[in-house]
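Please have a look at the structure first.

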Amino acid sequence: MSRRVLVVGDVMTDIIVLPEGGMVKGSDRRAQVRSRPGGSGANQAVWLGAMEADVLFAARVGAADRMGYENYFRGFGVVAVLAGDKDLPSGVLVTIVDPDGERSFFTDRGANLNLNGQDLPENLLDDVGLVLVSGYSFFADGPRAAVMDLFAAAKARGIALAVDPASVGFLTEIGTSNFVGWTAGADWLFANHSEAEALCGAVDLEQQMRLLGEHYRTVVIKRGAQGAAVGGRDGVRMIQAAPRVNVVDSTGAGDAFAAGLLAAHLDGQPLAMALEAGIAAGAKAVQSIGGQPG
């Protein structure tokens, strides 16, 4: 199997707000405000590149930003195949980080909403061993159609598929049964506990594995500070705990986790070691501001 990964997903500018307390409606609150490159797909691609994986990244950005983003990704060893949108600017995400590291988001996906089939030609699949798609690409009609065509072409070539639901809020909005229908048959599902519950209706980890395993070959459930679990239709196969670290910002931790696990998997490491690598990457991510390695 080829070790090259094709990542498809959003490119965003993350505006990260760390207030010194609760919001004061109609007035001020001191805060740290930082701007960082972000987007679930972009985060995954950059983490993969930082781990020296062979990675392509396909996305859509504002035309004025295209060259700058290509140079940025190149600095992490990522080959970025970016379409430039003349009508919409690059996406922006405002993240409000609570004192415990939990986040709330305000999202303007901008040019990402215009991702289309011309942006994802089939030749992107040449020499690719795995396609990783952020769930955000399924939350709007145009990007979803383009990604589903790419999925079909990848399946025809015997290329492994991985999907990350990305947002429980958007999953609920578009219908979880719809999302499962669009992505069923993927080789990997990366979901956090809330996304897994939304997708299958079960709270119990063992039940989640069995139910989701009916649709996805390998199910990976991210459990935050509790680590992560891997399983499938036969239930939980392994659970690993996460190290205790100082959580500064959990933005992008799940993206780092998926990149770490898949990079190790494609490098031929056994699943237990790949899971450990994913957890280590997620733990590293939460110790600094932003969703990408510095």
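The buried residues of α5 pack against β9 (160-164), α4 (168-174) and α6, where contact means heavy atoms within 4.5 Å. This is a predicted model, in which local features need pLDDT of at least 70, side-chain atom pairs count only at pLDDT 80 or more, and totals for chains, interfaces and linings use all residues. Residues are numbered from 1 along each chain as its sequence is written, and side-chain values use heavy atoms, leaving out hydrogens and water.

Which residues of helix α5 (residues 176-183) are buried? They are Phe 179, Val 180 and Thr 183, buried being under 20% relative accessible area and exposed over 50% (1.4 Å probe, protein chains only). Seen down the axis of α5, these buried residues fall within an arc of 100°, so they line one face of the helix. On the other side of α5, Ser 177 and Gly 181 are exposed. After α5 comes Gly 185, with a positive phi near 100°.

Now to the next pair of helices:

| Feature | α6 and α7 |
|---|---|
| Residues | α6: residues 193-200; α7: residues 205-212 |
| Packing angle | about 55° |
| Axis separation | 10 Å |
| Crossing | left-handed |

α6 and α7 are therefore oblique to each other; angles under 35 degrees count as roughly parallel, over 145 as roughly antiparallel, 65 to 115 as roughly perpendicular and the rest as oblique. From α6, His 193, Ala 196, Glu 197, Leu 199 and Cys 200 make the contact, and from α7, Gln 208, Leu 211 and Leu 212.

Terms used:
Axes are lines fitted to C-alpha atoms, for helices over the stretch in contact, and angles run from 0 to 180 degrees between N-to-C directions. Helices (H or I, at least four residues) and strands (E, at least two) are DSSP runs, numbered from the N terminus. A crossing is left-handed if the near helix is turned anticlockwise from the far one by less than a right angle, and right-handed if clockwise. The arc is that of the directions from the helix axis to the C-beta atoms.
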